[in-house]
Amino acid sequence: MTGPRAAGHPSHGEELLSGPRGEEPLSGPRGEEPLLGPRGEEPLLGPRGEELLSGPRGEELLSGPRGEELLSGPRGEELLTGPRGEELLSGPRGEELLSGPRGGEPLPGPRGEEPLVGREAELERVDGFLAGLARPGGGGSLMLLGDPGVGKSALLAAAVCRAEAAGLRVLEAAGVQYRAQASYGALQQLLTSVPGIRSRTARTPALAGALGFVRGAAPGSDAVADAVVALAAELSRDRPTLLVLDDAQWLDRASAVVLGLVARRLAGTGTGLVCAARPGEESFFDHSGLAAHELGPLGEAAAGELLGRRFPALAGRVRRRLTAAAEGNPLALLELPAALSEPQRTASQALPAHLPLTERLQWTFAARIGTLPPGTRHLLLVAALEGSGNLLVVRRAVAGRSALEQLAPAERARLVRVDDTTGRLAFRHPLIRSAVVELSTSDQRRNVHRALADAWHGVPEQRAWHLAQAAVEPDEQIAALLEDAAETSAHRGDGPNAVAALVRAAELSPAGSGHARRLAKAAYVGANLTGSVRDVPRLLDDARQAAPDAESPAVAVAAALHLLNSYGDLDTAHRLLFGAIALQPEPYDLSDGTLLEALSTWFMVCVHAGRGELWADFDAALAKCVSVPDTLRLMRTTFGDPARARPADWARLDAAVRALPGTPDPVRIVRIATAGAYADRLGAIEEPLLLTARGGAGGENIFPAIQASFLWGSHAWFTGQWRQLRQVARQGLRWCEELDYPLRSWTGKFVLACTAAVCGDFATAHGYADQMDQWAGSRRGHAVRCYAAHARTLIALSQGDFEAAYRHVCTISPPGTFAPFAGHAMWAILDLAEAAVRTGRRAEAVAHVRAARDAGLDSVSPRLNMVLLASAALASGSGAAAADGFDRALAVEGAGRWPFDHARIRLHYGERLRRGRAPVPAREQLAAAAETFRRLGARPWAERADAELRACGTPVRARNLPTLTPQQREIAGLAAAGLTNKQIAERLFLSPRTVSTHLYQAFPKLGVTSRAALRDALEGLDSP
């Protein structure tokens, strides 16, 4: 089997040594031997004197400027045949579409197209192989193995480009599936693909006989192989030669045998052979023993980069789904988005369970399926729709029609594999599963779903799904089963599955309130779990059209969530929820999940508003509720107004925290963590929080992942895990931006503003604070205003502007009081005490400590106890009392777990000791504080401690190294790694202009003038 010109017909610009009946060649217009058509016809001349050749089906072949063929396609479009017979198709907007030799694998990179992505190691190996050909004794073979679509042809094309750039002579051929076989067709293609080589081939007796240039008996394979090697060695004496074979598994038998021998005989000839093939395919080409490189799938980062380059406008969740489905296959990454509609690409329309395939993907992944026996194809369809690979279920579903033994042809074709240990069946690529489904009819799929529903009889959730897929008319019984399945999925944290089940349940509901209720429920479950806020208006409109008079809590919750995240309208959201709940019969039974979600959403509204009148309505409604879950009561007492929580409330919180490990429900994890945030309980549930945060990376349960990211960020702020904090919080902010969730972004921006402020990155901290103030102002969102005030307090303290710090911190709560519903005040106790004392308001600091102790906050957590002891010592007028207070604060069990607060206390203690003329103990405290501040990157605070040390008479070793803020350090590191400003901005959730500004400031500090010098400069910065 050979390529497009391998059946004995030379390409344009080549020599035709004999006519189709053996006649002598005629002289061409410039003395060269003319090209005759496949039936000996004279070439036609085009308008510019170019040759026009009619092709094998009568189509017109136009010789291009370099002798390449321009083929008129089935719709009159121009098809340009490239150097290996691949078609270059002019697209609908005139762009050039490059396909592989069979319309399969794309060939990016070699001639001006985008470079290969994620193939650096492979290209390095190719470069090394090519370099070896020019050395004395050079020569050899390299085999590239890889699955369909993985990019073998693209890598070969890159190898050709590199070889030609290095001055090598390149000869190419490709095997082609389903072509009529011609003996030695591929060998003829290889040895006649370059003008001038053909005449040398014809002068070699063994090759002339094998390729039909002369009549007579064909020589044996060994003789032909020796002749090819001798010709290659002769060619390489002029310059090294590279032989390139694509799709070696489809070479015709005679060529495959000879070229397999040639591959083993090239050592010392200065000739190299690079060939590509699919592993496991039946082939006449024997590559055993050859140096081989298996081309695997792209890594996650490279796959994301390739998808982002070609389809930058894809919605994030769609990008994640396609990346997962492609499993690093470059062809799939480039083709899957093309099969989607524009609404599907932008996530305004849900993706189907089985992704559609383009014709190229169908050809690539489905070609082998059509050749299987009917029983095998039926088994594959059952396995594809079953989904889990459970062979016991598959066996029950196919009983009486197929047997598992009929899987053997699919296993031999490398379509599936069966794990003998687990008894699970797995498709070798997800798109094989999609191809199996796409090749089936709707009737076949419904029949299989019915069989699977029977096979899953004892598992209600699975049974409901398969019954739903088999149904064609409304069926309330199936709809109810599916709604129950959605509840199970939601409790398990599988938001997308829950939403899909509810939408399908609504479709199967008879017209009326059930249809509307399930759509509204899908809207709020989607917003609460998956972050599908954009889908809410569409689902609500559908619900209202189905039942215009139905104003259910589900509708109110979904509408409120949309309002909060589109306009941030706290008061309207409050009225919606208050009105919907008031319409329900009393007492309000919160065992109804929809009603519980309404109360939980209302709680969030009240927290952000922070106003007593809204809380009064909420508390009145909560008092009328029965079956109130512990999470809602805990959040109301320990987070809604923690300064007024009672010891019993903290005890219930501790019990809930102890019971949390192992809980699969991300919503419960987030709600218990919220209840414990102000009370320093997050350390005890750090692992569940991080697991929930990481879950968003897979595109599932993104809303809990956002909340978990920022909750963990607040814990990391206090525990000094600031580098990880920046990574986790910025990921949460990316999700907020991607899903239009501004309401939840403020907590993430708050913790980033805090770390930026104390590290001296005041511009970034001010930027976050300005955003928070701007949002909170018109919406009367007191909680967000407190976030901004606290960030500005830390900026002012870090700059030594204590009057401004006092003014800002009093915005959170006046000194001497803990304002109702201002839980944030528990995080600002030490800040208020320091600002008050530094501005001569010692009495206000004393009053604030007294108010905190009256509220019992010193018993809430060891950290709060440490902070209150230190604040009291700071406010004390007595040196002895202050020293005792600081000693007791530093002696709190586990005080070092909160390094920044701990170092601040040491700093205050050292300052007090120095002013009390006790330089020796002062130096001990100040040196420890300075070291901690430096380790954290809190530059202004480290400089303050160093200044105090110098005042004690301690020489502080000058640090001549440049001082970068943590933000500048991180940006410079990414720039040194080769990222562009735009890529850095996307990763760090900044604007490209901000990135440019940071680099502009970092370059002179590091003494460099270009990005190329950054790596060495940063290594010098890190070295001791």
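**Close-up views of a predicted model**

View 1. Cys 625 is buried, at a relative accessible area of 8%; buried means under 20% relative accessible area, exposed over 50%, and partly exposed in between, using a 1.4 Å probe and protein chains only. Cys 759 also counts as buried, at 1% relative accessibility. A disulfide is a covalent bond between the sulfur atoms of two cysteines. The search of the whole structure returns 0 disulfides, where a disulfide is a pair of cysteine sulfur atoms within 2.5 Å. The model is predicted: local features need pLDDT of at least 70, side-chain atom pairs count only at pLDDT 80 or more, and totals for chains, interfaces and linings use all residues. Residues are numbered from 1 along each chain as its sequence is written, and side-chain values use heavy atoms, with hydrogens and water left out.

View 2. Helix 27 spans residues 630-640 and contains Thr 638; helices (H or I, at least four residues) and strands (E, at least two) are DSSP runs, numbered from the N terminus. Thr 638 is buried, with 0% relative accessibility. A polar atom of its side chain lies 2.7 Å from the backbone oxygen of Leu 634. The backbone oxygen of Ala 675 also lies 2.7 Å from a polar atom of the Thr 638 side chain. Thr 638 and Ala 675 are 37 residues apart along the chain, yet their C-alpha atoms are separated by 5.5 Å. Beyond neighbours within four places in sequence, the contacts of Thr 638 (heavy atoms within 4.5 Å) include Ala 645, Asp 649, Trp 650, Leu 653 and Tyr 678.

View 3. Strand 8 (residues 140-145) and strand 11 (residues 271-277) run parallel and are joined by 6 bridges. Ser 141 has Leu 273 in strand 11 as its bridge partner.

**View 4. Phe 933 in the largest nonpolar core.** This core has 186 residues; a nonpolar core is a set of buried Ala, Val, Leu, Ile, Met, Phe, Trp, Tyr and Cys residues joined through side-chain atoms within 4.5 Å. Phe 933 is among the members that touch the most others, as are Phe 618, Trp 717 and Phe 900. Not counting residues up to four places away in sequence, Phe 933 touches residues including Phe 900, Arg 904, Leu 907 and Trp 941. Another core, of 57 residues, lies apart, with Leu 351 and Phe 427 among its members.

Notes: Two strands pair if DSSP finds at least two bridges between them. A polar contact is a pair of N or O atoms within 3.5 Å; within protein, one must be able to donate a hydrogen and the other to accept it, and residues adjacent in sequence count only if both atoms are side-chain atoms.
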